[in-house]
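Here is a short briefing for a first look.

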Amino acid sequence: VGKNFRDERVEHDLIGEVFAAAGREGAIGVSVNVPQSNLAAAAFYLSLGFQVLHSVPKYYGNGGTLEVFVKRLK
């Protein structure tokens, strides 16, 4: 979510829709990929009960690490 919209908390509505859709589809969980350098995104997902499943070093062209966050729904 762009910085101009964070005060509106649209990220909470968006992830809520993801959880609802995943539940309707019978998914057992949700995963998201986050650059390790994106501390705001990591904090957001952790606050919602996501956990870091694993990291992929040097995933990005700049050498940055990708982190995979997961949350079980069932």
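V52 stands opposite F69 in strand β3. Keep in mind that this is a predicted model. The protein chain has two helices and three strands. Along the sequence they follow the pattern α-β-α-β-β.

**The sheet**

- Three strands make an open sheet, ordered β1-β3-β2, with antiparallel pairing.
- β1 (29-35) and β2 (51-56) stand at the edges, and each has a single partner strand, so one side of each is left without a neighbour in the sheet.
- On average, neighbouring strands of this sheet are turned by 25 degrees against each other, direction ignored.
- Strands of a sheet pair through backbone hydrogen bonds, in a parallel or an antiparallel way.
- β1 and β3 run antiparallel and are joined by seven bridges.
- Helix α2 (residues 39-47) lies across β1 and β3. Its direction is at about 160 degrees to β1.

**F69 and its surroundings**

- Which residues does F69 contact, leaving aside its neighbours within four places in sequence? They are V30, S31, V32, V34, A42, Y45, L46, F50, Q51 and V52.
- F69 also belongs to a cluster linked by ring pairs, together with F19, F44, Y45 and F50.

**Aromatic pairs**

- How many aromatic pairs does the structure hold? There are five.
- F19 and F50 form a stacked pair, with 6.0 Å centre to centre and 25 degrees between the planes.
- F19 sits in helix α1 (residues 10-24), while F50 sits in the loop between α2 and β2, so this pair ties together parts that are 31 residues apart in sequence.
- F50 also pairs with Y45, this time edge-to-face, at 5.1 Å centre to centre and 70 degrees between the planes.
- Is F50 buried or exposed? F50 is buried, because its relative accessible area is 2%, and the cut-off for buried is under 20%.
- Y45 counts as buried too, at 17% relative accessibility.

- In soluble globular proteins, nonpolar side chains tend to be buried together.
- Across the protein chain, buried residues make up 22% of the 74 residues.

**E67, a buried residue in β3**

- E67 lies in strand β3 (residues 66-72).
- E67 has a relative accessible area of 14%, so E67 is buried.
- Not counting residues up to four places away in sequence, E67 touches V32, N33, V34, Q36, V52, H54 and S55.
- With which side chain does the side chain of E67 make a polar contact? The partner is the side chain of Q36, at 3.2 Å.
- E67 and V34 are 33 residues apart along the chain, yet 5.2 Å separates their C-alpha atoms.

- T65 is placed in the loop between β2 and β3.
- T65 is buried, because its relative accessible area is 17%.
- Leaving aside its neighbours within four places in sequence, T65 contacts V34, P35, Q36, S55, V56, P57, K58 and Y60.

- Take the contacts in the protein chain between residues at least 6 apart in sequence. Of these, 51% join residues at least 24 apart.

Conventions:
Residues are numbered from 1 along each chain as its sequence is written. This is a predicted model: local features need pLDDT of at least 70, side-chain atom pairs count only at pLDDT 80 or more; totals for chains, interfaces and linings use all residues. Side-chain values use heavy atoms; hydrogens and water are left out. Helices (H or I, at least four residues) and strands (E, at least two) are DSSP runs, numbered from the N terminus. Buried means under 20% relative accessible area, exposed over 50%, partly exposed in between (1.4 Å probe, protein chains only). Contact means heavy atoms within 4.5 Å. A polar contact is a pair of N or O atoms within 3.5 Å; within protein, one must be able to donate a hydrogen and the other to accept it, and residues adjacent in sequence count only if both atoms are side-chain atoms. Two strands pair if DSSP finds at least two bridges between them. Axes are lines fitted to C-alpha atoms, for helices over the stretch in contact, and angles run from 0 to 180 degrees between N-to-C directions. Rings of Phe, Tyr and Trp (its six-membered ring) pair if their centres lie within 6.5 Å; planes under 30 degrees apart count as stacked, over 60 as edge-to-face and the rest as tilted.
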